[in-house]
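Have the sequence and the coordinates open side by side. The report below moves from backbone details to cores and chain contacts.

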Amino acid sequence: MSSIIPIEHSLILAFLLFFIGAAGVLIRRNLITVLMSIELMLNSANLLFVAASRQVGNVDGQVMMSFVVVIAACEAAIGLAMVIAIFRRYGNIKTEFLRALRG
Amino acid sequence: MIWMVLAFPLLGALLNGFLLPRRSKFLSHGVAVAAVGSAFLCACSVFLDFFAARRPQLHFGFEWLRAGKFVAPFELAVDQLSGLMILIITGIGTLIHIYAGGYMKEEETTYRFFAYLNLFIFMMLLLVLGNNLLVMFVGWEGVGLCSYLLIGYWFQEEANAKAGMKAFLVNRIGDIGFLIGIFLTFRHFGTVSFTELSSWINLMTTLPDPYPKAIFWITLSFFIGACGKSAQLPLYVWLPDAMAGPTPVSALIHAATMVTAGIFMMTRMSFFYYAAPDTMLIVAFVGAFTALFAATIALVQTDIKKVLAYSTVSQLGYMVLACGVGAFDAGVFHLLTHACFKALLFLGAGSVIFAMHHEQDMRRMGGLRKHLPITHAVMLIGVLAIIGVPGFSGFFSKDEILWKAFIFPTYGPILWGVGFLAAGCTAFYMVRLLCLTFYGPSYQDPHAHHHHHEPHETPWYMWAPLVILAFLSVAVGYLGVPDFLAHLVGGRNLFASYLEGLVYIPTSARSAWTHLHAEHAHSLEWGLMLTSVAWVTLAAGTAVFCYVNRPVRGIAGFLGAHFPRVHQLLLDKYRVDECYQQKIVTPLAEISTFLWQLFDVRILNGCVNWVGYLLMGTSGIASFRMTGSLHRYGFWVLAGTVGILVFSCF
Amino acid sequence: MIELGFFYLFAVIALGAALGVILLKNPVAAAMLLVVTLCALAAEYVLLGAEFSAAIQVLVYAGAIVILFTFVIMLLNLGQEEVGQLMGVSKWALLFSLLTGAAIILIQRLSVGRLPEAALSTLGSDNVYEVGMALFTRYLWPFELASLLILLAVIASIVIAKKPTLPARDA
Amino acid sequence: MLLPWIHSHIASLTIFTPVLVALLVLLCPSLAIAKWVALLGACGCFLESVHIWHYFVPGHGLQFTESYPWMPEWGIQYFVGVDGISLLLIMLSTFLTCLLVVGAWNFEARGQKTFLALLLFLESGMLGALMAFDLVFFYVCWEIMLIPMYFIIGVWGGKNRVYATTKFVLYTVFGSLLMLVAAICLYLLHKKEFGVYSTNLLDLYRLSGLPASAQFWLFCAFALAFAIKVPLWPFHTWLPHAHTEAPTTGSVILAGVLLKMGTYGLLRFAIPLFPAVFIDFAPLLSTLGVIGIIYGALVAWQQPDAKKMVAYSSVSHLGFVVVGSCAVLHSMISPEALTGAVYQMINHGVSTGMLFFLVGVLYDRRHTRMLEDFGGLAQPMPWFAVLLIIATLGSVGLPGTGGFVGEFLILLGTFQSSPTIAILASLGVLLGAVYMLTLCRKVLFGPITHKENTSLPDVTGREALVLVPLALLVVGMGVFPNFFLDQVRPSIDHLAKTYSEYRLERTELPPLCCKRGDE
């Protein structure tokens, strides 16, 4: 069952997932949904890693994938903590309220 | 032994300043007196050693400062001059320390007072003993510091603090002159040691042009320093204000020792001054006019200490005049006699003030002879000494100066005339002081009576130093009996011969000097002396006539009625202080405020901030896309990434 | 061929659920659909021969991270109308399709002779063993560092999320 | 076994001890422990610098050198060492930091631990900049110094702290970026002349074929960076703000060491690297220095705020240092003036640091620094009065204090090269006395005008622990200047006499057993 699934398929799937995630980050105002969209983007990267691992024939890609999972977990934990902090401070979690960067 | 002379006062100062605070007053007084007294004994021993050897002795301590070619060892020199000075300083210092214990009895913080006083003695000794300009300068500024601290001893009063500051600052002007003198000396001679400098000068006099311009500037700079310390025109203004300090301080620092540092310094460097005839002329004229100027102010002052202060300025003028006409020995001799009788007068005035419960206005005194018999007696001796009554010390020293001025080849008679006038003024105001204080009826403030007791004589440890000083005021004069008088009894001027080896006179100048002496007959000297005795008697008699048994209003009545404007001008001390304030201090303060508020804050800081605002303005224009919306930022990041990806593929 | 068929099936499920994640107004439903996406991807991993990855995908992602999301959603107790607003979808949809097109073109170009040939059966059968070996030998230090990272993240999230106790500094 | 290792790595150890201790301080569970750790660390660092002082052999060029490749492909090294020009400043930095830790002991503000850590971090930066003999490492340390200072002023400062700290950092960075450009330029020129890349300062000293125009611009860039740091008039406007807003500790370290980095840089970099342009610029620099002396003194005189007064006095005092460094005489710098300049740097650090401490003592008690709020304090606080007077005397340069030695030597040397400058500068001696005595009079003397002042407590034991060593140093540096100068004189004379073709050689580490002075 080595090359049954061509890598192009995985690539296209990964890209589609990535752009769905990116679109989620861009179009949603809710910080939690934004975070979930980021998880989607990370997953598309994971898929690429796994597929590439398959393609080149060693497990490095899968190892990387597990590191990405770790990072995703950390990101989710801290991101959600920030969501809570922001909620405490502003009373809601809409992204358009976070405009401190305005020049 | 020489180190002990320095160590004792320093130890006393440290003990009093840091270890003994708030212990018993008796203890701090005892420590202070013991310190100075031991220093005096050591100084005697040092002096005797030197006297036996008759050769200047150098004591090398350690190398204090070396940088580049500049070397300043911490080295002390005992010679005729410094040997004499340490005796004066520690001797009179001891007497005044003893006296001060009584005077400062009611003070809370005597330890502070005695710490300063001991420190002063240390610094003064350093000044006179140092064998190079730098060590001398340490003492020079050190005594200024002590003077500052002591003038402001009663710091709770704003005026005292201000007077102290004024003294320090005016002295600093002089000190800058001194500093520039050091720089010039180093520039031209590459050394600051007195021994090396004098041998340089020895060499130079053999050169074809023995008086280079540089020496003129060097001596002039040092003279500016002397003007500051010795209160000469135009820097004398600090000394009268310095009377804000306790009276023993006025006696020790502002009469007997510190203010004579300028004369000491010029004598120390007489080898320079002999090589700079132009400076000598300036020095002589400044001295003569200061003598007269201050004496005229003293004529009308009503504060007993102010009279004595201006008198000090005037007497210092005499000493400077002596230096200016090349009679350094006469100057130093007057320094010695003046130290005795002026310390006596100040301490006497202190006793009067003490007895009058810190009343200093002479118009409220009078008739104190009955209450203060001893003080009266010693003050009388002091006054007779200062006005130059024959037989008292002032007579010998002052007449010597006037004589040397008269025979000075350039403008000699003019200098003599100015000094002669000042001598008359001196006689007048000193007798006036005596009359107003001790004779006539009492003019004490009647309101003061109900809580003040009658004035009474001071305790023994206050009048005993006065008696010793009174004895000295008479006795030291006989050390320096002028040659022509001494010849009558087969002697010679002991003091001049004592100083001879020190006051080095370049060969060329020396020949001119001896020539001068030969030219004038003794008859002229006798004539001048008798003239001045007559003049002094006349002036003193006028004062007695004007002030004994006359109502107080008579003072103003006599001068004020006939010459009101002159009287007012003298009372206002020629308005010099006001002039300085108006012409120098106020404009400087205005410049300062201008520089700060306008130039610094508005212009310089404004420029810097303007750059900042400019940048902020431009960045505001450039940042129109900075909406703060995360979505837009994210979109552009993404679009950019994709753009780059796509671009890189084709 | 059956693998390819499964691949397409799970791909469709994953994409559909992902679209649901970003389009649904109800955050709880979105979180549930995220679980679906993640599980579908796990299945893809199995198809790609990465059983270990599939396992941690399910355990960590679906089991832990999404639970975290759900907790926060419930903790903040947000109403639907508050969380469900979109940003003006039409513009973004246009952009999205453009980007997708660009991506596909890109992959087409990339795949022509650029990708390495698939390595045939170099991977052993015991995937978990191999990944484990790699993790504990070559990647030991990164692995340990990753654990440190998690520790830091835990501390950081506690610090960030806890209520401020210090009073504001008075100027 | 340990001792030889310490001996051979003493320079690096001194640089990195504080930053390591800073980390330790941050990790301490309680403030009480953290304070002791910080104190021990600072004292340890001071002891290390004493070791350097002890084994330093005067006249042996660059000593205690250590070099490791850092970015070898670009010729960038980690290269540190000590010579006579930096030795005293190193001692001053470590000594002041010890006192500062004690001074900040009861600094009752939020984040004292962080404060202490930043202080130690700052010390590392300063020591690194002082010991660096690699341009890049120097630049890194130079900028690192800004970071802790930014926070010290910006977080723990006064009311206007953000403005002050922003201004301070932006102004200084502006200068140092120019310096960076010049440094890169120099680096490329070295490649052009010798064919290899090097940022080693000893190599750069050997550059001889710099075109005149290049030298001109490079000198301008370096000199501007240092002039801002000094600060030379008219680049001083950040200083009053930074000083007034900074907490006491910040002011002390700023005045004590940071400002000296400007003059130190002038001596270490600008002068020996570009001697030909320096000769042309020396009159300009010393003129600016003289303007700074007089201007700073005049402006200080009318200040109502004690701290601002001391801040402007720094402008005046550092003017002296610049004047002393620029006393060019024929083909050399006057060695007297240069010695004075180096000595004055130390001295200003001690006396002005002490003054800032004393103003801090007042501020702690009354929460004001306005002169009009004080007066007559000599009565309730006699020891404070003694200390303030000692600091004042040190600042006005009374003989017997270090200030005199510094100012005297500077003026003496400058007088030999240009009497006008020296005479004008000596006016600064007078004006210095004017404003410092005004400060003393307004604070200490006169009647007590405010009721709160009648019962102010005198200097406490902890404050005395800080102030008494400083006071002793003020006096000690004036009484025994040779003790300090003997160590550094050969280096200074070497720079003064050969600045136009300055070379510095690394020397062997002196053996551990051999005491100095045996050669």
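This is a predicted model: local features need pLDDT of at least 70, side-chain atom pairs count only at pLDDT 80 or more; totals for chains, interfaces and linings use all residues.

B:Pro234 sits in the loop of chain B between α8 (213–229) and α9 (238–241).

## Positive phi in chain D

D:Phe64 is not a glycine, yet its phi is positive, near 55 degrees. The residue belongs to strand β1 (residues 63–71) of chain D. D:Phe64 is buried, because 25 other C-beta atoms lie within 10 Å, and 20 or more are enough for that label.

D:His367 has a positive phi near 55 degrees as well, again in a residue other than glycine. Its setting is the loop between α15 and α16 (382–396) of chain D. Is D:His367 buried or exposed? D:His367 has 8 C-beta neighbours inside 10 Å, so it counts as exposed.

## Around D:Leu358

Helix α15 (residues 335–366) of chain D holds D:Leu358. This leucine is buried, with 26 other C-beta atoms within 10 Å.

Setting aside residues up to four places away in sequence, D:Leu358 touches D:Leu387, D:Leu388 and D:Ala391. D:Leu358 and D:Leu388 are 30 residues apart along the chain, while their C-alpha atoms are separated by 6.8 Å.

## One side of a helix

Which residues of helix α7 (residues 146–156) of chain D are buried? They are D:Pro148, D:Met149, D:Ile152, D:Ile153 and D:Trp156. These residues cover an arc of only 125 degrees around the axis, so they lie on the same side of α7(D). An α-helix has 3.6 residues a turn, so residues three or four places apart point the same way.

The cover over the buried residues of α7(D) includes α5 (112–131), α8 (161–194), α11 (238–245) and α12 (248–273) of chain D.

## Chain B

Chain B contains 27 helices and two strands. Of its 650 residues, 54% count as buried. Among contacts in chain B with a separation of 6 or more, 80% come from residues 24 or more positions apart.

Helix α4 (residues 110–129) of chain B is mostly covered, with 20 of its 20 residues buried. Its length checks out: at 1.5 Å a residue, the 20 residues should span 28 Å, and the end C-alpha atoms are 28 Å apart. B:Leu645, in helix α27 (residues 630–649) of chain B, is a contrasting case: this leucine is exposed, with 12 other C-beta atoms within 10 Å. B:Leu645 and B:Phe272 are 373 residues apart in sequence and 90 Å apart in space, C-alpha to C-alpha.

## Nonpolar cores

The largest nonpolar core has 427 residues. Those with the most contacts inside it are B:Leu125, B:Leu321, B:Ala343, D:Leu120, D:Phe222 and D:Ala270. Helix α15 (residues 328–355) of chain B gives this core its largest share, 18 residues.

A second, separate core has 77 residues, including C:Phe10, C:Phe69, C:Val72 and C:Leu99.

## Chain A and its partners

Chain A has three helices and zero strands. Its C-alpha atoms fill a box of roughly 55 × 25 × 25 Å along the principal axes. The radius of gyration is 17 Å, whereas a compact globule of 103 residues would have one near 13 Å. Of the 103 residues of chain A, 57% count as buried.

Five pairs of chains touch, and the most contacts are between chains A and C. That contact takes 72 residues from chain C and 62 residues from chain A. On the side of chain C that touches chain A, α3(C) supplies the largest share, twelve residues. The residues of that side divide into 59 nonpolar, nine polar and four charged. Chains A and D do not touch, and their nearest C-alpha atoms are 18 Å apart.

Technical notes:
Residues are numbered from 1 along each chain as its sequence is written. Chains are lettered from A and ligands numbered from 1 in the order in which they are written. Helices (H or I, at least four residues) and strands (E, at least two) are DSSP runs, numbered from the N terminus. The expected span of a helix is 1.5 Å times one less than its number of residues. Two residues are in contact if their C-beta atoms, placed from the backbone, lie within 7 Å. Ala, Val, Leu, Ile, Met, Phe, Trp, Tyr, Cys and Pro count as nonpolar, Asp, Glu, Lys and Arg as charged, and the others, Gly among them, as polar. A nonpolar core is a set of buried Ala, Val, Leu, Ile, Met, Phe, Trp, Tyr and Cys residues joined through C-beta atoms within 7 Å. The arc is that of the directions from the helix axis to the C-beta atoms. The radius of gyration is taken over C-alpha atoms; the globule rule is 2.2 Å times the number of residues to the power 0.38.
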